[in-house]
Each structure stands twice: as C-alpha cells, then as structure tokens.
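This report describes one protein chain, going from particular contacts to overall totals. The sequence and the structure come first.

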Amino acid sequence: MYYVFIVTNSPGELVGWVRPVVRSLKKKASKIKIVVIITPCQYASGMEKEIAKSFPEVDYVMSKGEYFKYLFFGLRPPQLYLNASCKGVVLFLGGDPIYALLLSKRLGFPAMAYTHKLRYKRCFKRFMVLDDKVRKRFIEEGVRPEKVVVVGDLVGDAVQPLISKKDLSQLLHISPDSLCVSIFPGSRPQIVRYMTPFFLKVCELIKEKFPKIQFFLVLSPFVAKEELANLTEEKLSKVFPVKRVKLKKEENRWKLITESGLRVLVIEENRHKVMSMSTIAITIPGTNTRELSFLGVPMVVAVPLNKPEAIPLDGLAGLVGNVPLVGTSIKRWIVRRYSKNVKFTAAPNRYAGKEIVPEVRGVIQAEDVAKEAIALLKDRSSLHRISTQLKELFSSHNSADKLAETILSDKNGG
C-alpha cells in the first residue's frame with residue numbers, strides 16, 4: 001500500500017492547494033491512500049476537517065488530536081492500516097513545515113514540500129515551487145538544483161467553473177449581460193462578522209450610482225450562513241458605522257437584506273463561476289485575490305485597520321496578542337507597524353511589484369471603498385486593461401498534475 005500524507009492547515013491552502021492536488025493524485029494512481037492532516041493554525045475557521053472530508057479523493061482526515069497522539073505515542077487511528085511493507089510520502093501543503101517533518105520522521109517516509117518560502121532545506125527530499133524565479137532563489141540559497149521542481153500555481157487548478165454562464169444566469173434570474181458585483185468578506189468567522197455589514201454598506205453606495213446592478217456575496221465553505229448577520233449594531237459600531245443586516249430565505253434562496261432594502265444573494269455553490277461572471281469583486285486580501293486574478297476579474301481590495309487586534313498573526317506575534325490586559329495594545333502596534341512596511345497586500349500587486357488593482361488600506365469607511373469601485377465600474381477601458389493584466393500574470397498550466405507526477409515518480413523509483 002502506498003500512502004500520501006498531506007499536511008495542511010488553513011482555509012486558503014485546503015481549497016486552493018489540497019483540493020486540486022488530491023484530484024490529480026487519484027486520477028493518476030487510483031489505488032493510493034490519501035490522508036489529510038489538519039495541523040494547528042491561528043487562521044483556522046474550525047470547519048477544516050469537515051471540508052477535507054467532503055473531498056471524495058481523501059481516504060481519511062486526521063485531526064490535530066490524532067496527529068499528536070500518533071506523533072508522540074505512536075497511537076494511530078484504527079482506520080489507518082500501516083505496517084512495515086507500507087510505503088509513502090509526506091507532502092507539505094501549508095502551515096508550519098515542522099509538522100510535516102516530524103510526521104515524516106515518525107512514519108519513516110520522505111517529506112516533500114510545495115512552498116514559496118525556503119525553510120529546512122536539508123530536511124525535505126524535494127521542493128515544488130511556483131516558477132523559475134523561485135527555483136533560482138532556492139538554488140542560490142543552497143538547495144541542490146535536482147531537488148527543486150517548478151510546477152506552477154495550484155490555485156489556477158482550483159478555479160474550475162462547472163456550469164455555463166447562460167445556465168448560471170438563468171439559475172440566478174439575471175441577464176448574462178448584467179453588471180455584477182461580488183463581495184468576499186473572508187473565510188474566518190471573526191472577520192466575516194464585521195466585514196459583511198461593511199461590504200453591504202459599500203454595495204448600497206454603489207447601487208445609488210448603478211440602480212440596476214446585481215450583487216452577490218460569495219460565501220466561503222468554511223463559514224456558516226448565520227455568521228453573516230451575527231453581530232449587534234452596538235458591537236459593529238465599535239469598528240464601522242454600519243447597520244446590522246438580516247439573513248432571510250426568499251423564493252428558496254438565502255439573501256442578506258439591508259435597512260435600505262438592498263437584497264444581496266448569498267452564493268454557496270458555483271463560487272468560481274459567479275466569480276468569473278462578476279464585473280468587479282470587492283474583497284479582503286487572501287486566496288480570493290489569487291483566484292479572481294486567474295479568472296481575470298478586476299477587484300477592489302479592502303484592508304481595514306479599524307480593529308487591528310482582530311487580525312490573526314503568525315508565530316510569536318499571534319501568541320503575544322493573546323496575552324491578557326496588554327496583548328490587545330501590543331497587537332495593534334504590531335499590525336500598524338507591519339502595515340507601514342508592506343507595500344501591497346493583494347496577490348496580483350505583490351506578484352507584479354506594482355499596483356494593478358486598487359487597495360484601500362488603513363482606518364477606512366465604506367465610502368472609501370465605494371469610491372474606488374464606482375470609479376472602476378464607470379471606466380470600461382480600465383476594467384478591460386486590469387482583466388488583461390491579471391490573465392497575463394496568472395495562467396494555469398496543469399500545476400496539480402505536475403505536482404502529482406513529481407510525488408508519484410518517487411513511488412515508482414524516479
């Protein structure tokens with residue numbers, strides 16, 4: 001029996017990396033066993049295990065507790081059949097690579113990594129990277145050339161619309177030629193609760209200029225619908241001057257309804273197709289900005305620092321932010337200082353090293369974001385230019401298949 005143990009953590013990696021990889025692995029070697037391990041992560045939504053279980057190619061999902069029991073005490077879940085004749089590989093697809101390396105040592109299987117940041121260069125058997133630029137950097141930092149394989153961007157393979165635009169338009173009861181704005185409040189409940197009413201206020205301001213425009217809220221699979229309207233106006237007012245919204249089912253479809261009567265359809269299925277038919281998107285930074293780029297959808301990226309203590313941070317900074325009494329103040333200072341040193345937050349801007357899509361950052365209000373969105377919607381030539389630039393920056397070349405082939409070449413003695 002040949003096993004592929006995939007170590008991952010947060011929503012972006014699970015949907016953007018793990019999902020296309022497990023599809024390709026099972027397509028190329030249907031008899032292998034795929035085990036996904038969800039490791040500790042401050043960015044987690046709490047839904048990671050359930051989402052991983054929903055991938056039909058995954059044979060077993062190991063929780064954090066099961067991982068640590070096996071790592072420290074050798075107590076494996078009874079569903080996993082492992083003996084001396086079993087072979088396999090540990091694949092790192094997000095989080096802290098130490099979790100993959102510790103599992104590799106416990107199993108006696110080699111470890112491989114798909115990563116953009118070089119860590120533990122002597123411990124991984126192979127690195128799979130985004131492009132030649134990253135490969136060159138890894139080699140310059142001391143990795144042997146034969147250990148670094150360019151596979152491309154996995155997110156491009158994750159973006160797979162499964163329904164025609166015409167059929168989706170009929171399903172949504174809109175014209176295929178309608179102006180459409182999609183909003184993306186995130187994949188972490190604590191952020192979604194605040195960003196949803198904020199983005200809906202942005203939509204109200206846009207609708208004043210474009211009365212016939214259609215709005216969609218594209219819901220992350222890691223977020224329950226109820227989180228979209230889960231804060232009182234008192235709590236919201238401490239961050240944004242916006243009103244609470246209602247979540248209501250109308251004609252068998254869930255909608256968010258604002259005080260002004262704006263109705264925004266909540267999209268739970270066909271996420272990528274709705275993305276692709278959007279005139280523009282309004283989003284926070286994250287995997288969404290990469291997915292939208294592959295689809296060539298212009299976007300406005302909002303980075304509100306109105307409540308910086310709510311932003312999850314990596315490593316020690318994240319731990320310090322949780323210290324009673326002083327943690328909140330320290331975290332505010334860290335976030336604001338970090339923001340000053342970061343030129344861009346949106347994936348296309350970071351990748352290009354220049355602003356392709358507008359970013360609205362700092363202590364911001366809905367009017368600031370709406371102003372950028374309205375300017376884009378009024379400027380057809382800018383929409384076309386941005387869409388073209390995004391597609392030129394990001395293109396899919398069967399990256400998941402290349403990664404799967406690299407993994408399985410080890411199985412076949414390559």
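Asp153 and Arg290 join their side chains in a salt bridge, at 2.4 Å from N to O; a salt bridge is a side-chain nitrogen of Lys or Arg within 4 Å of a carboxyl oxygen of Asp or Glu. The pair links distant parts of the chain, 137 residues apart: Asp153 is in the loop between strand 7 (148–150) and helix 6 (155–158), and Arg290 is in helix 11. Helices (H or I, at least four residues) and strands (E, at least two) are DSSP runs, numbered from the N terminus. Both Asp153 and Arg290 are buried. Buried means under 20% relative accessible area, exposed means over 50%, and partly exposed lies in between (1.4 Å probe, protein chains only).

This is a predicted model, in which local features need pLDDT of at least 70 and side-chain atom pairs count only at pLDDT 80 or more, while totals for chains, interfaces and linings use all residues. Residues are numbered from 1 along each chain as its sequence is written, and side-chain values use heavy atoms, with hydrogens and water left out.

Helix 11 (residues 287–294) is largely enclosed by the rest of the structure, because 7 of its 8 residues are buried. These are Asn288, Thr289, Arg290, Glu291, Leu292, Ser293 and Phe294. Just after helix 11, Gly296 has a positive phi of about 70°.

## Other salt bridges

The structure holds 10 salt bridges in total. One of them joins the side chains of Asp59 and Lys26, at 3.0 Å from N to O. This pair also links distant parts of the chain, 33 residues apart, with Asp59 in the loop between helix 2 (48–53) and strand 3 (60–62) and Lys26 in helix 1 (residues 11–28). Asp59 is partly exposed, with a relative accessible area of 37%, whereas Lys26 counts as buried at 17%.

Asp401 and Lys27 form a salt bridge through their side chains at 3.2 Å, N to O. The two residues are 374 apart and link distant parts of the chain: Asp401 is in helix 17 (residues 399–411) and Lys27 is in helix 1. Asp401 counts as buried at 15% relative accessibility, while Lys27 is exposed, with a relative accessible area of 58%. Elsewhere, a network of salt bridges links Glu250, Lys255 and Arg263.

## Helix 15

Helix 15 (residues 366–378) has 13 residues, which should span 18 Å at 1.5 Å a residue; the end C-alpha atoms are 18 Å apart, in agreement. The expected span is 1.5 Å times one less than the number of residues. The buried residues of helix 15 are Ala366, Val369, Ala370, Ala373, Ile374, Leu376 and Leu377. Seen down the helix axis, they fall within an arc of 160°, so they line one face of helix 15; the arc is that of the directions from the helix axis to the C-beta atoms.

The cover over these buried residues includes strand 8 (180–184), helix 8 (189–209), strand 13 (280–283), strand 14 (299–304), strand 15 (359–362) and helix 16 (380–393). On the face of helix 15 turned away from its buried side are the exposed residues Lys371 and Lys378.

## Two loop lysines

Lys125 is in the loop between strand 5 (111–114) and strand 6 (126–129), and counts as partly exposed at 37% relative accessibility. Not counting residues up to four places away in sequence, Lys125 touches Pro110, Ala111, Met112, Lys147 and Asp410; contact means heavy atoms within 4.5 Å. Between Lys125 and Val89 there are 9.9 Å in space, C-alpha to C-alpha, and the two are 36 residues apart in sequence.

Lys225 lies in the loop between strand 9 (214–218) and helix 9 (233–237). At 17% relative accessibility, Lys225 counts as buried. Leaving aside neighbours within four places in sequence, Lys225 is in contact with Leu219, Leu247, Trp254 and Glu268.

## Whole-chain totals

The protein has 17 helices and 15 strands. Of its 414 residues, 55% are buried. Among contacts with a separation of 6 or more, 64% are between residues 24 or more positions apart.

The protein exposes about 19,600 Å², and carbon and sulfur atoms supply 51% of that area. Accessible areas come from the Shrake-Rupley method with a 1.4 Å probe; for residues, only the protein chains shown count as cover.
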